[in-house]
Amino acid sequence: MGEYVLKSDDFLVSQTDEKGIILFANDDFCKIAGYTLEELVGKNHNIVRHPDMPKAAFKDLWRTVQRGEVWTGYVKNKTKDGGYYWVFATVYPMKDPATKKTLYMSCRRKPSEAEIEAAEKLYKTLD
Ligand SMILES: Cc1cc2nc3c(=O)[nH]c(=O)nc-3n(C[C@H](O)[C@H](O)[C@H](O)COP(=O)(O)O)c2cc1C
């Protein structure tokens, strides 16, 4: 419970289909979110959504990647046990080489304390 502050070498990766259903998550993602890979695969990515996150952030994320562009932003995520962790995420669209279907990938690293404070402030002003 409480905040998990990322270590500077934590690197959380997840991959979804075009609807945001999780296809893959790496070890750092599973460990920090508190789930096994089996628990995550097939679930909607909003399984880690924290209620403090404004809808507008995810609207912007989806609009950006669906246009084929890269989205970056700060995200507060919920852990399985009710704690939370902040990440700086880079989300980008890609094509599955085998099926040619669109997939999305997110890579996340530790944000600075100042970046977290600024994001907290901004998100309080958004719906
Ligand atoms: C590749 C990818 C990674 C995502 N990662 C997260 C994440 O770490 N946390 C999160 O709350 N939403 C993430 N989302 C956004 C979710 O799909 C979803 O839009 C968001 O959790 C809001 O949930 P809702 O659409 O049910 O309101 C991600 C989406 C994509 C495409």
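Let's start with the nonpolar core. In this predicted model, local features need pLDDT of at least 70 and side-chain atom pairs count only at pLDDT 80 or more, while totals for chains, interfaces and linings use all residues. Residues are numbered from 1 along each chain as its sequence is written.

The largest nonpolar core has 13 residues. By nonpolar core I mean a set of buried Ala, Val, Leu, Ile, Met, Phe, Trp, Tyr and Cys residues joined through C-beta atoms within 7 Å. Buried means that 20 or more other C-beta atoms lie within 10 Å of the residue's own; with 12 or fewer the residue is exposed, and in between it is partly exposed, with C-beta atoms placed from the backbone. Which residues have the most contacts inside this core? They are L12, A25, F29, I32, A33, Y85 and V87. Strand β2, helix α1 (27–33) and strand β4 each supply at least two of the core residues. A quick word on those names: helices (H or I, at least four residues) and strands (E, at least two) are DSSP runs, numbered from the N terminus.

Take A25 from that list. Leaving aside neighbours within four places in sequence, A25 is in contact with V13, S14, C30, L37 and L40. Two residues are in contact if their C-beta atoms, placed from the backbone, lie within 7 Å.

Now to the sheet. It is an open sheet of five strands in the order β2-β1-β5-β4-β3, with antiparallel pairing. Its edge strands are β2 (22–25) and β3 (71–78), each pairing on one side only. Direction ignored, neighbouring strands here are turned by 30° against each other on average. What counts as a pair? Two strands pair if DSSP finds at least two bridges between them.

Strand β1 (residues 12–16) pairs with β2 over three antiparallel bridges, and in β2 the bridge partner of Q15 is F24. Helix α3 (residues 55–66) packs on the sheet and touches β3, β4 (84–95) and β5 (102–109); its direction makes about 140° with that of β3. For that angle, axes are lines fitted to C-alpha atoms, for helices over the stretch in contact, and angles run from 0 to 180 degrees between N-to-C directions.

The next step is from β1 to β5. Five bridges join these antiparallel strands, and T16 has Y104 as its bridge partner in β5. From β5 we move to β4, where eight bridges hold another antiparallel pair. Here P93 stands opposite Y104, and M94 has L103 as its bridge partner.

β4 and β5 also form a hairpin, with six residues between them. Find K100 in the loop that links them. Most residues other than glycine have a negative phi. K100, though not a glycine, has a positive phi of about 70°. Is K100 buried or exposed? It counts as exposed because it has 7 C-beta neighbours inside 10 Å.

G83 is found in the loop between β3 and β4. With 16 C-beta neighbours inside 10 Å, G83 counts as partly exposed. Apart from neighbours within four places in sequence, G83 is in contact with M1, G2, E3 and Y4. G83 and G34 are 49 residues apart in sequence and 9.6 Å apart in space, C-alpha to C-alpha.

In β3 itself, have a look at Y74. Y74 counts as partly exposed because it has 19 C-beta neighbours inside 10 Å. Outside the four places either way in sequence, Y74 is in contact with W86, F88, P111, E115, I116 and A119.

Finally, the ligand. How many residues surround it? There are 17, and the closest are G20, N46, R49, Y104 and S106. A residue belongs here if its C-beta atom, placed from the backbone, lies within 6 Å of the molecule. The elements giving two or more residues to this shell are β1, α3, β3 and β5. By class, the shell has nine nonpolar, seven polar and one charged residues. In that count, Ala, Val, Leu, Ile, Met, Phe, Trp, Tyr, Cys and Pro are nonpolar, Asp, Glu, Lys and Arg are charged, and the others, Gly among them, are polar.
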